[in-house]
Amino acid sequence: MLLTLTTTHRPATDLGHLLVKHPDRVQSFDLPAGTAHVFYPEADEARCTAALLVEVDPLKLGGGRGRRQSTSPEGFTLGQYVNDRPYAASSLLSSALTKVFRSALRGESRDRPELAATELPLTVRVPVLRCRGGAELAVRVFAPLGWTVTATPVPLDETYPDWGDSRYVDLTLTGTLRLADALNHLYVLLPVLDDAKHYWVAPDEVDKLLRAGSGWLADHPERGLITRRYLAHRRALAGAALARLAELRLADEPSADDSIDPETPPETPRATLATQRREAVLAALRDSGASRVLDLGCGGGALLTALAADRRFTEVVGVDVADRSLAMAARRLRLDRLPERQRDRIHLRQSALTYRDDRLRGYDAAVLMEVVEHLDPPRLPALQDAVFGHARPGTVVVTTPNVEYNVRYEGLAPGRFRHADHRFEWTRAEFAAWVARVAAAHGYTATLGGIGDDDPEVGSPTQLAIFTRDDRDDRKEETNR
């Protein structure tokens, strides 16, 4: 089995630091079913390719002399003396990825931590991959993740083209992604396309799937197929995994009606509004120079995950009133599996945002992303006092729906909000007036913006305000004291 990973990031040889494998050496690793080798066919400043070659030992796989018998499920096509299967990518290759590139899969790099969090130009090639569903299925599962997919069917016999194509494809993926994301995509999706596993699928496979699929699987259009195949069509396990994915979706992107998706603008093939919103918030925080950040009303942890992946944020604090939301955020962040150094950057705190909390003072920035509309209007002054008056971060980023845009959502009845828990949704004028009052009352200046497609009649689907504290007012108050 062969997999190659190429980058043109300069210097390209930094790939060796991310994979923790030196380009000048061939390294070998024992596997339960054979041996894995890592080597570099090319390695210079402009282009670097790392190759993972897995040699399957049929005796090991079948439970050779003196070894415990294999626990491979009955019916798996890799037998003791087999034909082409040891040469086709399968769950054996996925297992090798976790053994050989463990730290890279977790997004860790001792030598290049900032590069591990950076999206890089990558090309992945798997020259022989069994694809049950054909080349079109490879496109369906990889393309939504940002990959450009080329899946070329492998002929049964090149000398007899009339025989047609085999069930294998030559897969090439190109895209700009974090290395950890790319490896986790491969870890999950290679056995999904093969639709077979070389070991018994136990309940702990659900946690493995959710960890590797963190940040992408819950929103994947083929998440049902991916989940069922990854879990070897075990109905109970797949049901449990899909239920947990549904919880993550509900916490991150609630919709007003099952018949519509108000978080995705109609006929927009680009990134979802949820993704655009997170990117806009992250950009505002980066521009502010903040390093210690509060995510107020963090919910299931979608923004927290993005904040934790960016090393410029040295402390990330998620705050929510609901224990269940904090538990979901902890699972999404994989706090129990993070190295101590990374875990120390992230904190989860239970607190009501309408009460003053001294633990929230002294931070560079705070985010209220899709939070204010969940409060009853009479409670807004308490939130304003607690956040802008008491906690007083240097920057506050607020996003909220633009109710005027709701007419663009087919199926959303007139007068209905985008989510059943919304207590109100502001027009652009109402939001601007609220922002101006809060800024004037608490010594901030504010700028307004929009997120998503800007409709000439009704504006953008999401409204954005960035508050910047006027430090002169703080110095004046300190002097008066």
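Student: How many disulfides does the count come to?
Tutor: The count comes to 0 disulfides, a disulfide being a pair of cysteine sulfur atoms within 2.5 Å.

Student: What kind of model is it, and what are the ground rules?
Tutor: It is a predicted model; local features need pLDDT of at least 70, side-chain atom pairs count only at pLDDT 80 or more, and totals for chains, interfaces and linings use all residues. Residues are numbered from 1 along each chain as its sequence is written, and side-chain values use heavy atoms, with hydrogens and water left out.

Student: What share of the protein chain is buried?
Tutor: Buried residues make up 50% of its 481 residues.

Student: How many helices and strands?
Tutor: The protein chain has 17 helices and 14 strands. Helices (H or I, at least four residues) and strands (E, at least two) are DSSP runs, numbered from the N terminus.

Student: Which residues have the most contacts inside the largest nonpolar core?
Tutor: Leu19, Leu52, Phe142, Trp147, Leu171 and Val188, in a core of 73 residues. Helix α7 (residues 179-194) gives the largest share of this core, 10 residues. A nonpolar core is a set of buried Ala, Val, Leu, Ile, Met, Phe, Trp, Tyr and Cys residues joined through side-chain atoms within 4.5 Å.

Student: Which residues are in the second core?
Tutor: That separate core has 30 residues, including Val316, Ala365, Val397 and Leu464.

Student: What does Leu52 touch?
Tutor: Leaving out residues up to four places away in sequence, its partners include Met1, His37, Leu93 and Phe101. Contact means heavy atoms within 4.5 Å.

Student: Switching to α9. Why is it largely enclosed?
Tutor: Helix α9 (residues 223-230) is largely enclosed by the rest of the structure because 6 of its 8 residues are buried. The buried ones are Gly224, Leu225, Ile226, Thr227, Arg229 and Tyr230.

Student: What comes just after α9?
Tutor: Ala232, with a positive phi of about 55°.

Student: Last one. Where does Tyr160 lie?
Tutor: Tyr160 is in the loop between β6 (148-155) and β7 (165-177). At 45% relative accessibility, Tyr160 counts as partly exposed.

How values were computed. Buried < 20%, exposed > 50% of the residue type's maximum accessible area, 1.4 Å probe, protein only.
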